[in-house]
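These are my notebook entries on a structure I looked through piece by piece.

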Amino acid sequence: MQIPRLHPDTIEEVKLRADIVDVISEYVVLRKRGKDFVGLCPFHNEKTPSFTVSPDKQMYYCFGCQSAGNAIKFVMDLGKRQFAEVVLDLAKRYQVPVKTLEPEQRQELQRQISLRDQLYTVLAAAAQFYQHTLRQSQGQKAREYLTKIRQFQEETIQQFGLGYAPPGWETLYRYLVESKHYPVQLVEQAGLIKPRKEGGGYYDVFRDRLMIPIRDIQGRVIAFGGRTLTEEQPKYLNSPETELFSKGKTLFALDEAKNAISQVDQAVIVEGYFDVISLHAAGINNAVASLGTALSIEQVRLLLRYTESKQLILNFDADKAGINATEKAIGEIANLVYTGEIQLKILNLPHSKDADEYLHNHTSSDYQQLLKNAPLWLDWQIQNIIKNRDLKQATDFQQVTQQIVKLLQNISNIDTLNYYVSYCAEILSLGDSRLKPLRIENLLTQIKPNSLKSLTPRPRINKPQPKTPKLSVVNTERTLLEQAEALLLIIYLHSVQQRQIIIEDLETRNLEFSLSHHRFLWQKMLEFPLDEVDLISSVQNRYLELAEELEIVSHLFHLNEKNKTEILRTPHVIQAALACMERVFREKRYRYFMEQWEKIDPQIEPEKDKYYAEAIYIEKIHLQDLEKQRQFSINDLQQFSCI
C-alpha cells in the first residue's frame with residue numbers, strides 16, 4: 001500500500017497520545033527511578049541499565065550508545081521501519097483519526113486500512129487451519145516428509161508455522177466461508193480461493209500441498225507457498241499478488257532473520273523455503289529467500305535497513321544452471337554493486353545442490369566458514385571469465401581481455417574501478433611485474449579511451465617540473481564551499497523528507513562541514529529526531545543560551561517563498577551542493593599530492609614516487625567525475641539570495 005502524505009495534525013496528535021513509557025515497555029523492561037524509568041538498552045548489548053526514559057520530556061536516551069528520540073523514533077529504529085508506517089500503526093493503536101494532506105485521499109486510505117486488517121485476519125485463520133490439518137491423520141504424509149526427508153524438529157515446524165492443505169477442492173472454502181462466515185470476496189482477495197470458470201462457485205488454490213506461511217516484517221501472514229507432495233506441477237506454488245503480498249517486495253523469513261542480520265551485519269540470500277528453514281534450524285539465522293524471483297531494488301532496500309556494511313551473500317546452486325540462476329537473480333541490483341552501494345558476495349556450495357542438502361552432510365561451522373570465504377561478486381565474475389582458460393594462448397588471452405574490459409566498463413565507482421584495473425592487470429601479467437604497467441594502460445585505454453588514457457601517470461626517468469593547474473583560486477573556493485554548505489543546511493532545516501538523504505550522502509562521500517559556524521549548526525540539529533517538524537524552533541528553544549552563536553547562522557532559518565519553492569522543488573540540488581563540497585575537498589588533496597610528488601626523486605624513492613603519482617591520478621579522476629555530477633554551476637548556486 002502506498003501511504004499518502006500524512007497531515008502534520010495527525011503526526012502531532014500521535015506524538016501527544018503515544019506515551020513513550022507505554023510504547024517502550026512493550027520491548028524493554030523498565031523500572032522506576034525517581035521521575036524517570038531505566039532499563040537495558042535494546043540498541044546495544046549491556047549488563048548494567050543505561051537506557052533512560054523520561055515521561056515528562058517524552059524522550060529516551062542511552063548513556064551507553066547515545067541513542068535518543070521520541071516514541072516514533074524508537075519504533076522506527078528498533079524495527080528499521082519507515083516514518084509514515086510507524087505513525088500509521090501508532091495512530092491505530094491510540095485511536096488517532098488519520099488525516100492526509102489531500103482530503104480526498106482520507107476515505108480511500110481508511111478503506112485500504114480496513115481491507116488490510118480483514119485480510120490479515122482471514123490469512124491468520126487459514127494458517128491455523130493448515131497447521132491443524134498437518135497434525136491430523138490426513139497430514140501424516142506431510143509430517144513424514146518434514147521429519148524424515150527434511151529432518152526438521154518439531155520446534156522448527158512450529159517456528160515457521162508449517163502446515164498441510166488437504167486434497168479436497170473446497171475444504172478451505174467451506175471452513176472459511178461456510179463455517180467461519182468470512183465474506184467469499186474477502187477470501188478470494190486473500191488469494192486463497194478462485195472462482196470456477198464454469199458452473200459457478202469457488203475452489204481452493206492450494207490442495208494436497210505442504211504449506212509454508214509467508215510473513216511480513218512484523219510476522220503477520222500475508223501469503224503462502226505450497227510444495228506438492230505428488231508429481232503435480234508446479235512443484236512450488238505461491239499465492240497470487242494481493243493487497244498485502246507482492247513477490248518482488250517480499251523476502252521469505254525476514255521477520256525471523258532481521259535481528260540476526262543486524263547482529264552479524266550481513267544477510268544471506270538463498271533460493272528456496274527449505275534452504276532458509278534448514279539454515280535457521282542450524283543456527284544460521286541471518287538467511288532469507290527471494291521467492292524465486294530476480295532480486296529487486298525493493299527487496300535489497302529492505303535488507304539494507306538491517307546491515308550497516310551493506311553486505312549481502314547470494315547462495316544459489318553451484319552447477320551451470322545455478323550460475324545462470326545467480327546471474328539472473330542479481331537482475332536490476334547489478335548497478336548498485338557497480339556503484340559500490342552494496343557489497344555483494346557469491347557462495348557456490350561444493351558438491352551440493354543447495355544449502356538444505358549441504359547441511360544434511362556438513363555442520364553449521366562448515367557453512368559459516370564458506371560464508372567467510374565467499375568472494376565478492378566482481379571477483380566471482382572474473383574467476384568465471386578466466387576459468388579453464390590458458391592465458392599463454394593468444395586466442396584465450398584476447399577473449400579473456402575483452403570480457404574483462406566489458407565487465408570493468410560497468411564499474412562507475414572510481415575507487416572500485418581503480419582497484420579492479422590493477423587486479424585484472426596482475427592476472428593478465430601472469431606473474432611478470434614488469435608487464436603490469438603495460439596491462440594497466442591497455443585496460444584503461446579500452447575502458448575509457450578518450451578520458452582515462454591521458455590521465456594515467458607515466459613512468460619517469462628524469463622528473464619534469466610540472467606546474468600545478470589552476471583549479472580554483474582561494475576566494476572562489478571559499479565562496480563556493482560556503483554556498484554549498486549553506487544550501488544543504490537550508491534543505492535539512494526546511495525539508496523533513498530530505499534529511500535522511502543528506503545524512504546518508506554525507507556519510508557515503510565521507511564529507512563534513514568545513515566552516516565552523518556551519519559545523520556548529522549541523523551538530524546541534526543532529527541532536528533532534530529526523531522527523532522533527534519544526535526543527536528551527538526546537539534548535540532555538542533548546543539553545544537559548546547560545547543566542548550569539550546561532551545569530552551567525554540565523555539567515556538560514558528564513559526563506560522567502562520564491563527561494564523556498566525553488567530549492568525544495570529542484571530534484572538534483574542536494575547532489576549539486578555535495579559535488580561542490582567534494583570538489584573543493586578533492587582540489588586541496590590534488591594540490592597537496594602534487595606538491596609532495598614534485599619534491600621526490602624517483603631514483604631514490606621509487607615507491608613514494610609511484611604512490612603520489614597514483615594518488616594524483618585518482619584525484620584527477622574524481623574531479624573529472626564530479627564535474628559530470630554537478631548539475632548546477634557556481635552561478636546557479638549564487639542565484640539564491642538567501643545564501
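Before looking at packed helices I noted how axes are drawn: they are lines fitted to C-alpha atoms, for helices over the stretch in contact, and angles run from 0 to 180 degrees between N-to-C directions. Helices (H or I, at least four residues) and strands (E, at least two) are DSSP runs, numbered from the N terminus. I also noted that this is a predicted model, in which local features need pLDDT of at least 70 and side-chain atom pairs count only at pLDDT 80 or more, while totals for chains, interfaces and linings use all residues. Residues are numbered from 1 along each chain as its sequence is written, and side-chain values use heavy atoms, with hydrogens and water left out.

**Entry 1: helix 18 and helix 20**

I looked up how helix 18 (residues 394-408) packs with helix 20 (residues 436-447), and found an angle of about 55 degrees with the axes 9 Å apart. That makes helix 18 oblique to helix 20, since angles under 35 degrees count as roughly parallel, over 145 as roughly antiparallel, 65 to 115 as roughly perpendicular and the rest as oblique. The crossing of these two, helix 18 and helix 20, is right-handed; a crossing is left-handed if the near helix is turned anticlockwise from the far one by less than a right angle, and right-handed if clockwise.

Which residues of helix 18 and helix 20 meet? From helix 18 I listed F397, T401, I404, V405 and L408, and from helix 20 R439, N442, L443, Q446 and I447, where contact means heavy atoms within 4.5 Å. The residues of this contact of helix 18 with helix 20 divide into six nonpolar, three polar and one charged. For these classes, Ala, Val, Leu, Ile, Met, Phe, Trp, Tyr, Cys and Pro count as nonpolar, Asp, Glu, Lys and Arg as charged, and the others, Gly among them, as polar.

**Entry 2: helix 22 and helix 27**

Next I checked helix 22 (residues 499-509) against helix 27 (residues 573-599): their axes come within 11 Å and cross at roughly 30 degrees. That makes helix 22 roughly parallel to helix 27. I noted that I501, I502, D505, L506 and R509 of helix 22 make the contact with I574, Q575, L578, A579, M581 and E582 of helix 27. By class, this contact of helix 22 with helix 27 has seven nonpolar, one polar and three charged residues.

**Entry 3: a sheet and its helix**

I then turned to an open sheet of five strands, with the order 1-2-3-4-5 and antiparallel pairing; two strands pair if DSSP finds at least two bridges between them. The edge strands, each pairing on one side only, are strand 1 (31-33) and strand 5. Strand 4 and strand 5 pair in the antiparallel sense over two bridges, and the bridge partner of Y60 in strand 5 is G69. Helix 3 (residues 71-79) packs on the sheet and touches strand 3 (51-54), strand 4 and strand 5, its direction making about 50 degrees with that of strand 4.

**Entry 4: backbone details**

Q66 lies in the loop between strand 4 (59-62) and strand 5 (68-69), and has a positive phi of about 65 degrees although it is not a glycine.

A253 is not a glycine either, and has a positive phi of about 75 degrees; A253 counts as buried, at 3% relative accessibility. Lastly, I found a cis peptide bond joining Q233 and P234, with omega about 0 degrees.

Definitions and conventions
Buried means under 20% relative accessible area, exposed over 50%, partly exposed in between (1.4 Å probe, protein chains only).
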